[in-house]
Amino acid sequence: MYGDQANKLVADAKRFSNLPSIPIYQADSVKDIVKEINDLNRDAEYLSTISDNLKENEAEGNSTQQEEDYRINQCQTFVTHLSMRRNKRCLLAYEKLRSDKLIEFAWLNIDPAESINQSASSSTDTAATAGAPSLPNSKTLLPQPKTIPNYTTQLDLNNLNHFEQDFYKNYQNLITNYKSKFGEYLDLTGDLQPPTDIFIDVRCLKDGGDVTTEYGSFNLIKDSQFYVRKSDVERLIQQGYLEEI
């Protein structure tokens with residue numbers, strides 16, 4: 001039945017809309033829906049030809065049967081165009097949701113993991129300037145989804161198709177170029193919610209080595225707790241090393 005594949009695609013999109021990761025691209029379903037749209041378009045063209053013939057016959061003789069056939073033809077044409085439009089809207093909704101989740105992840109400034117099953121590794125970097133915390137290497141880091149509820153915090157590039165990978169890389173370049181205009185004076189990847197307290201209590205979710213801040217250094221050991229300045233650990237919270245308590 002027309003629209004079944006599109007309905008399944010939308011149901012799949014609804015299922016992963018609140019997940020912290022993006023599932024594999026449903027290439028087969030998308031191809032089937034595109035094929036169905038092309039079939040519907042051919043049907044619409046055929047019905048349009050029949051409609052023109054019925055109009056010509058109706059002009060020659062105004063019979064009741066010809067009027068009935070014309071009404072049936074118009075109803076078939078309407079349903080065909082409606083099904084075709086619905087399939088297109090379902091495809092656009094699916095693509096839009098995936099692109100929105102890619103944009104969410106890009107603004108977190110976290111390198112995507114090549115595999116969801118890849119184990120997280122960490123190392124300690126030296127602070128570039130005074131007062132800047134040294135952050136663990138995030139190239140192979142898998143963030144914890146519970147740190148940012150209903151937000152895309154994991155990305156497996158293997159789940160994206162070629163066009164989505166290009167979109168993600170190009171969008172990352174746009175963010176980098178835009179952020180470079182502000183330098184070190186404004187962190188555009190920080191939390192959008194204004195802090196209620198300058199210092200917060202945090203709990204360490206996994207080992208990560210030493211972190212140096214303006215107020216001293218502390219060692220990231222799993223289940224340990226610290227009272228630190230929020231601006232010093234925002235990146236660590238985003239990357240899943242710490243959670244605010």
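The charged end of Lys206 sits over the ring of Tyr241, at 5.3 Å from the ring centre. This contact belongs to a predicted model, in which the aromatic pairs number six. The chain that holds them has five helices and five strands.

**Aromatic rings**

- A pair of aromatic rings is described by the distance of the centres and the angle of the planes.
- Six aromatic pairs are counted in the model.
- Phe105 belongs to helix 3 (residues 64–107) and Tyr168 to helix 4 (residues 162–180), so their pairing ties together parts that are 63 residues apart in sequence.
- Phe105 is buried, its relative accessible area being 1%.
- Tyr168 also counts as buried, with a relative accessibility of 3%.
- Phe16, Tyr25 and Tyr94 form a cluster that is linked by ring pairs.

**Fold and contacts**

- Read from the N terminus, the order of elements is α-α-α-α-β-β-β-β-α-β.
- Of the contacts between residues at least 6 apart in sequence, 72% join residues that are at least 24 apart.

**Burial and surface**

- The chain has 245 residues, and 36% of them are buried.
- The accessible surface of the chain amounts to about 15100 Å². Carbon and sulfur atoms account for 51% of this surface.

Key. Residues are numbered from 1 along each chain as its sequence is written. This is a predicted model: local features need pLDDT of at least 70, side-chain atom pairs count only at pLDDT 80 or more; totals for chains, interfaces and linings use all residues. Side-chain values use heavy atoms; hydrogens and water are left out. Rings of Phe, Tyr and Trp (its six-membered ring) pair if their centres lie within 6.5 Å; planes under 30 degrees apart count as stacked, over 60 as edge-to-face and the rest as tilted. Helices (H or I, at least four residues) and strands (E, at least two) are DSSP runs, numbered from the N terminus. Buried means under 20% relative accessible area, exposed over 50%, partly exposed in between (1.4 Å probe, protein chains only). A charge sits over a ring if NZ of Lys or CZ of Arg is within 6 Å of the ring centre and within 35 degrees of the ring normal. Contact means heavy atoms within 4.5 Å. Accessible areas come from the Shrake-Rupley method with a 1.4 Å probe; for residues, only the protein chains shown count as cover.
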